[in-house]
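Let's take a friendly tour of a protein model.

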Amino acid sequence: MTATKGPQTLYDKIFDDHVVDRQDDGTCLLYIDRHLVHEVTSPQAFEGLRMTGRKVRAPEKTLAVVDHNIQTTDRSKGIQEEESRIQVEALAKNAKDFGVEYFNELDKRQGIVHIVGPEQGFTLPGT
């Protein structure tokens with residue numbers, strides 16, 4: 001943690017507490033406590049891990065939530081739109097392959113990824 005002069009905001013305190021490395025130009029490397037992923041942007045990240053033979057570093061700190069490509073009402077008929085279905089299927093496979101907890105479209109805990117974290121106690125104060 002870097003000493004800061006004067007009072008700090010809550011943001012500043014949390015940020016400073018998570019700095020792993022701070023460069024002279026102000027660029028910082030931060031420790032990330034929790035990682036939330038969803039079906040739209042995570043396929044590229046999981047593919048990158050596969051291509052380099054890597055694992056998810058801390059799967060217990062990662063939560064996958066299907067969010068953007070599912071119905072907001074009756075989900076019993078599945079996902080009709082092909083691209084959306086493929087993205088959701090890819091998330092399910094990636095979560096299984098990499099040992100990441102997954103809230104699928106039928107899970108009662110599923111919802112908007114940015115809400116699910118704090119709602120389910122995954123994202124905690126100060127993280």
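## About the model

This is a predicted model, where local features need pLDDT of at least 70, side-chain atom pairs count only at pLDDT 80 or more, and totals for chains, interfaces and linings use all residues. Residues are numbered from 1 along each chain as its sequence is written, and side-chain values use heavy atoms, with hydrogens and water left out.

## The pockets

A pocket here is an open set of points on a 1 Å grid over the protein atoms alone, where a 1.4 Å probe fits, with protein on both sides within 12 Å along at least five of seven lines; lining residues have an atom within 4 Å of a point. The volume is the space filled by probe spheres set on the points, which are joined across faces, edges and corners.

The largest pocket holds about 430 Å³ of space. It has 16 lining residues, with His35, Val56, Arg57, Ala58 and Thr62 closest to its centre. The second largest pocket holds about 160 Å³, and its lining includes Ile14, Phe15 and His18.

## The nonpolar cores

A nonpolar core is a set of buried (under 20% relative accessible area, 1.4 Å probe, protein chains only) Ala, Val, Leu, Ile, Met, Phe, Trp, Tyr and Cys residues joined through side-chain atoms within 4.5 Å. Which residues have the most contacts inside the largest core? They are Ala64, Leu91 and Tyr102, in a core of 14 residues.

Beyond its neighbours within four places in sequence, Ala64 is in contact (heavy atoms within 4.5 Å) with residues including Val37, Leu91 and Phe103. A second, separate core of six residues includes Phe103, Val113, Val116 and Phe122.

Notes. Buried means under 20% relative accessible area, exposed over 50%, partly exposed in between (1.4 Å probe, protein chains only).
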